Each structure stands twice: as structure tokens, then as C-alpha cells.
Amino acid sequence: MTGFLQNTFNGLVSGAFYALLALGLAVIFGMLRVVNFAHGAFYMLGAFGAYVLLTEAGVPFWAALVIMPLGLAVVGMALERAFIHRLTRLDPLYNFLLTFGLTLILQDLVKLRYGVQSSPYQTPSALAGSVDFGVFDFPTYRVFILGFAVAVCVGVWWLLTNTRIGMVVRASTERPELTQAFGINVGRWVTPVFGFGIGLAGLAGVLAAPMRAVNPLMGADLIIVVFAVVVIGGLGSIFGSVAAGFGIGLVQAWGEAYLSDFPIVSQTIVFVVMAVVLLWRPAGLFGREEAPA
Amino acid sequence: MRRTVGVAAASAATVMLVAACGGGGPQSGGDQKLTGNKIVLGVLNDQSGAYSELSGKNSVKAVEMAVADFRAKYGDRAVTTDISVETADHQNKPDIANTKAAEMYDRKGVDLILDVPTSSAAEKVADVAKEKQKLYFNIGAATTTLTGAKCNKYTFHYAYDTYMLANGTGRSTTEQGAKNWYVLYPNYQFGQDMEKSFSAAIAAAGGKVIGKDAAPFPNTTGDYSTFLLKAPTLNPKPDVLGTMQAGAELVNVVKQYNEFKLRDKGVGLAVGLMFLTDIHSLTPAALAGTTYTDAWYWNFDARNREFADRFQSETGTRPTFAHAANYSAATQYLEAVQAAGTDDADTIVTGLEGKTVEDVFLRNGKIRAEDHRVVHDAYLAQVKPQSEVTEPWDYVKVLKTIPAAEAFRAPSSECKL
């Protein structure tokens, strides 16, 4: 039983990363209809930024946790204005290629400067210990990640459901033309929403720095799983992305723990789930079927 | 296609011509028996990916240092002054390694290919060397097939292999009292080989593998917590976790090993393959007390240190064992050509087989004639606690030297040269 609780906890921690990343992808896709392939690269930049801030300027983890998401959000907004915006009217494939190319450029620029070897980043000392839950103890840092990610997700949920900005974003996510017809300037919100999504990726990156290898390719592998999460949750569904994020984290952790004799299973389980979900509900678990035109 | 055939035919003709003239003997003065009157060394390795820092461009620098030292040593007496270094990036892909190796031998006039990390790529190049009958010193790859099923007359395995790593770390750690092991390995060729080698070495030393798990490879989530949680709950509790992950995956395992405080729970850490650059990126604090097998360590003695100082002034960093081994291999090849007076591959092979060598990398070194395994002293090393690290990159103390005779496996019956 203890083992089961530990594995469940772990799954939720992995799921927290998926949820933060998938949430960013979902709001971006909802608002812009852009599949942002560069999301993994911004996750990597978040982690690398924390490392560079610490080693070059002595900026601690806590400050990086604020600086990097905000900084990357600004970069994201500039990017949307300069490039992505110009391609949104064309086939979605163009923006897919643009963001994919951008990923390669960002990865190689970091590689050029810092090499491929992982860079060291320590857990902040305040979170270095373990929390005793009676039946088992768990690293404080992981407990912090879980709490923090849940708080961010709840915060975003509140923002979307209880503020005017949220209402506009939800409306333009679901029916952009109709929202426009009501006299709301949807275009005005596109850039900040893109920046917000990128900021979430940066945030996940900073959170990952103390527990994952910080190197130029750290986002490239992870983003594949996150795309599967988004598809399972339903493209553009904000609640779906968060729920699927935590859900997939759990499925993976349980798979690794209880099917360890079949490593191939835990390696592919996410994609098996994705295939099954797509066959059963082509729009994803929480996605809305497109009404026939 | 016609062009390739033409080039191949031309080079084959040249080889035969030189071979035919080879009877004149090495001391024939001005009449040098070198193809094109020059020596070309080729470094084929990973220059942009996962292994580019532990070897990569700095291995090219190490080979260039060997050439410079050779020139300085022999001056006018050198067999030739025209020595150049060619280099290519194989991106750790066997098919690219295959093409680049053929191009080096055929078009670039390369006499010797060096390095070639990544076992699958290394095996391909061994086939090319055999086919083209040109020399190949492998440094970067770990697979024992290079001196087993894939061995051939022109291939030498220089620095290390999975047997050496397992025999060093697995056996020594078990003998020092860590009887019960939990082995975690990445689920692909290298990891599976390492797991087998380690299990055999542990059993031979009287230890037992309590549990073993194959982690996904590549591990897209970067998460190993399931395995790390499981380790202390096994019955009996393992004394040590043996991780066979490499590079960034190793970094993930060690970071999370520390997060879950396994050392405090009585589960030690042993690492299958680790390079100096890995310790640097994890910091010694994260690895303090971890034992592993090293093929060479830069601050082991004054001789190594002198080389490391020169290497640092060239590259700005301290050498890994792969860098030192590339330097040594290039040096030994040039010495062999100098002694033979020719770069004819068969003559050089004959000269190298059975030779005992002592240099900055090879201690009590011997180039085995049976399987072309280059045996030498290896080292059981332990990462120092942060408090004992007094200068950058000096992260390790050598616990014991594993004599050359014990460090490597006996020649395999699979190998027929």
C-alpha cells in the first residue's frame, strides 16, 4: 500500500510537468490554432535560463522562478508579433514548420554556447530535505512542485472562469468568428495569450532544473509525450489538457512500477492510450466534436 | 559509381605498388615507403551530439598534439614531415560512420581511423577497415564485440570495454562488502551488455543481484523515481544501486538518487560508465563516495598531470580518458610507422602485435596479438566529497590500480583474426 501511494505521488509529480506544458499548448492552440512545436525549446530555455542566472549573476532559484517565465513570455509575445502572426491565415502546416525550425535553432544556439553536457543545478536548500507523511517520506522538492503546479492550474482556471479576460479568451477559443461578431477584438488578446503559454513552458523548465538533466535537448524528448497528452485531453480543451496531464503521469508511474518486467510497456503506454482514446473519441476525452459545417 | 570504382581501383593499385616496393626495408634512407609520401590520421567521432564533450573536437586536438610531439621528437629524422589530421562527425549513426569511414580511407588517403564512439557505429567501421585493409584504433566504444565476433586484423580496441568496467566496479564493490545489488540499465544494446557483464562479475565475486530493471530508452520523461523508490523496499535490501545509464540519463538517475536520499537509506551508488565531464556536470557533491572504473585519470601522477596541463592550455579543459587515449593511440601509430619506415598496414600490424607499450595513457600496456585488445592498467576510482576538492576538475581519488593482466577479459574464442 505504501508503495502504491508513493508511486501515485510520483505519477502526480510527473503529471504536474505534463499539465503545465499541455496547458500552455492548449491555450495557444485554442486561441491561435497554432500547434506550437517550439514549446519544448522554451521549457529548455526556462531551465537553462535558471542555470545561467545562477552561475553568471548569482540569482537564486526563487527569483528565477519569477524572472524566467516573465522574460520568456515577453520573448514569446515578440515572436508572435514578428513571425507567427504572419502565418496564422495560411495552412496550419506553415506555423508548424516555423516553430519546428525555431526549435532546432534555439537548441543549436544553446548547444553552441554551453555544449551538450548537462549543466549542474542544485535543489534550493530550503527544499532539499524530505517530508514525512507517516507511512512514507517524500522529497520536499517534489511535494513543492506538485503543490505549486496545482496552484498554477487552479489559478489559471479561476482566471478563465471569473474574469472578463478569461471570458473573452474562452469565447474566442471556442468560437472565434462568433466572438468577433459580438464586437470583441479577438486579435488584441492573441499576443498576450501566446506569451502566457510560453511563460508556462518557461515555468515548467525552471521547476525541472533541480531534478532533471539541464541540457539543450531536454525539451525535445519530453514534448513528444506532451503532444500525446494534449491529443488525449482534446486539442484546445483547457480542462482536458490538465486532467490528461495528471492522468498520463499516473498511468506511466503505475505502468513502470507494476509492469516492470515488460519495459516496452511503460515505454509505449502513453501512445497506446492515445491510440485507444482517438479510436473511441476522435476529439479527445474532453474535446468537442467539430459540428459538420 | 564509376568514379568510386575508379578511385577504389586506383588506391588498390597504389597499395599493391607500395607493398611490392616494401621489400627494401625501413632503413633505406631517402627512399621513403609512404603512400603519397605522407601520413594522414582520421578522427571519426561525435562532434555535435551526446558524446561530443567526452571526446569530440577535443580528441582531434589530442591527436594534433600527438603529431606536434612526434615532429618535435624526430625533427629531420622523422619518416615524413607531411602529417595531417582529417576529421568527420558520424553523429552516432552507424550508416554515416560507414560512409565517412570509406570516404576517409578511399578519398582522403587516411592511413588510420581513430576514436569512433557508439558501439553500433564502431562495429560498422571495423567492417570497413577489414574490407579496405586499413588500420583502425577504436577508443570511444565500449562493446566487446570489437575483440570478439567483429574482430579483424586491422582493428585494435584501445581504451576500455564493458568487461573492464564491470570487472572493475562490479567485482571490487562486491569484494568490499556490497554483496546485494539492484541493477538499473537502459533498455538497448549497451545497457543490456553492461547488465550481463555486471551480473557475471558480481556473481563471480560472491555477490548477488537482488533485482534488476530495464528502464525505457530513450527515457522521454527523464524520470526514474519508480525504480529509485523500489530499490530500498526490496528484500533483502540491496547494499548498492548499480546504474548503467550514460550521459544525460546518468545525470537524471543521480539527481533523483540524491533527491530520494537513497544513500541515507543505506543504498550506495555504483556507476557503470562515467566520464570526467559527467562528474563535472553533476558536481562532485552530487556523486560524493560513488565508485566507478576509470581507464585513466588526469591527476593520477606527475606524468598524467603534465599532459593534462598541456591539454588544458590547448583546449581550456582537463582531458577525459578518451582524450588521453586518442593522444596515445596516434603517438603509438606514428612511432610504429617511424620504426617500420612504411605506412603499409600489414607491416604496421605485424610490428604492433605483441608489443609492450608504456606511455602517458598506457601503463603496463600490451597490444595483444590474439585479439588486438590493448590491455593496460585500469583504476577503481571514487568521487571525492566536495570538501576535498581543492582545484577545478580534480574530482576523483584512485582507490586502487587494477593490473593490466586482470583488468581485461582473456582473448575470446569468438575472435578469429
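Colleague: What covers the buried residues of helix 6 of chain B?
Modeller: The cover includes helix 4, helix 5 (162-175), strand 6 (180-186), strand 7 (208-215) and strand 8 (240-243) of chain B, where helices (H or I, at least four residues) and strands (E, at least two) are DSSP runs numbered from the N terminus. This is a predicted model, in which local features need pLDDT of at least 70 and side-chain atom pairs count only at pLDDT 80 or more, while totals for chains, interfaces and linings use all residues. Residues are numbered from 1 along each chain as its sequence is written, and chains are lettered from A and ligands numbered from 1 in the order in which they are written.

Colleague: Which residues of helix 6 of chain B are buried?
Modeller: Among them are Phe190(B), Met194(B), Phe198(B) and Ile202(B), buried meaning that 20 or more other C-beta atoms, placed from the backbone, lie within 10 Å of a residue's own.

Colleague: And what happens just after helix 6 of chain B?
Modeller: Gly206(B) takes a positive phi of about 90° there.

Colleague: Switching topic, how is chain B divided into domains?
Modeller: Domain 1 of chain B takes 32-160 + 300-376 and domain 2 takes 163-294 + 379-407, with bounds from an automatic or database domain assignment. Their C-alpha centres lie 29 Å apart.

Colleague: How many residues are in contact between those domains of chain B?
Modeller: On the domain 1 side there are 18, and on the domain 2 side 19, a contact being two residues whose C-beta atoms, placed from the backbone, lie within 7 Å. Helix 4 (119-132) and strand 12 (365-367) of chain B are the elements giving two or more residues to the domain 1 side.

Key: Buried ≥ 20, exposed ≤ 12 C-beta atoms within 10 Å, placed from the backbone.
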